[in-house]
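Trainee: I have a model open and want to learn how to read it. Can we go through it feature by feature?

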Amino acid sequence: MTARNGRPDTGDERTDAPGPAADGTGGASGTGTGAPAAPRTDTVASVVGQWRAVHPGLDTGPMEVIGRINRCSALLQQAEDAPLRRAGLSRAEFDLLGALRRTGHELTPGELARETFSSGAAVTKRLKRLTETGLVERRTDTRDRRVAHLRLTDAGRELVDGILPEQLAYERTVLSALAPEGQEELSDLLAVLLNGLEGHLGALRA
């Protein structure tokens with residue numbers, strides 16, 4: 001999984017964890033059983049409690065959701081993906097390799113940027129390294145030499161296929177605080193949220 005925010009990035013640098021105003025990892029049991037949620041004791045709960053003391057009439061529900069999403073995202077970005085690190089890859093580089101593997105055909109840099117929610121400049125930077133290390137190869141379009149087509153080398157395909165099960169096991173451990181039914185429920189809720197954001201966030205910015 002790539003756990004990404006849907007906005008173009010500009011490089012491989014990881015984002016520092018946000019300050020207290022965006023902290024929180026969630027404190028409910030998340031089991032999906034319908035049982036009453038335990039009191040929330042994460043860092044967002046502390047922040048929300050302070051805001052309620054200052055503005056007791058405000059509905060802090062949106063802050064509780066978005067604050068926890070932001071904090072989880074920051075912690076996941078900070079955590080070095082152990083399998084990828086051992087392979088000498090960043091998460092962003094693995095995303096590029098994964099896009100080439102799962103689509104099963106050559107992609108242009110622009111197509112890779114769209115597949116990985118990255119900027120063109122970031123993709124160019126990553127492709128340079130992946131090409132130099134022999135994981136990706138480039139073919140110039142016969143009709144337009146300005147266009148490049150990229151595909152995995154045998155070594156790149158072998159690396160992706162070898163590391164993917166290990167990476168999924170690592171991510172399963174990361175999510176182990178949630179029971180399987182809780183993970184499924186969270187996935188469904190995030191899918192609804194993501195669909196809404198992808199369809200309407202531009203209008204909200206206007």
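Trainee: Is Asp144 buried, partly exposed or exposed?

Mentor: Buried means under 20% relative accessible area, exposed over 50%, and partly exposed in between (1.4 Å probe, protein chains only). Asp144 has 24% relative accessibility, so it counts as partly exposed. This is a predicted model: local features need pLDDT of at least 70, side-chain atom pairs count only at pLDDT 80 or more, and totals for chains, interfaces and linings use all residues. Residues are numbered from 1 along each chain as its sequence is written, and side-chain values use heavy atoms, with hydrogens and water left out.

Trainee: Which side chain meets Asp144 in a salt bridge?

Mentor: Side chains of opposite charge can pair when their charged atoms come close. The cut-off is a side-chain nitrogen of Lys or Arg within 4 Å of a carboxyl oxygen of Asp or Glu. Here Arg146 is the partner of Asp144, at 3.0 Å from N to O. Arg146 counts as exposed, at 76% relative accessibility.

Trainee: How many salt bridges does a search of the whole structure find?

Mentor: The search finds 15. Take Glu166 and Arg86: their closest N and O atoms are 2.3 Å apart. Glu166 lies in helix α7 and Arg86 in helix α3 (residues 82-86), so this pair ties together parts 80 residues apart in sequence. Helices here are DSSP runs (H or I, at least four residues), as are strands (E, at least two), numbered from the N terminus.

Trainee: Where do Asp154 and Arg157 lie?

Mentor: Both are in helix α7, three residues apart, about one turn of the helix. Asp154 is exposed at 61% relative accessibility, while Arg157 is partly exposed at 31%. Elsewhere, salt bridges with shared partners join Asp42, Arg52, Glu64 and Arg68 into one network.

Trainee: What share of the chain counts as buried?

Mentor: The figure is 28% of the 206 residues. The chain itself has eight helices and two strands, in the order α-α-α-α-α-α-β-β-α-α.
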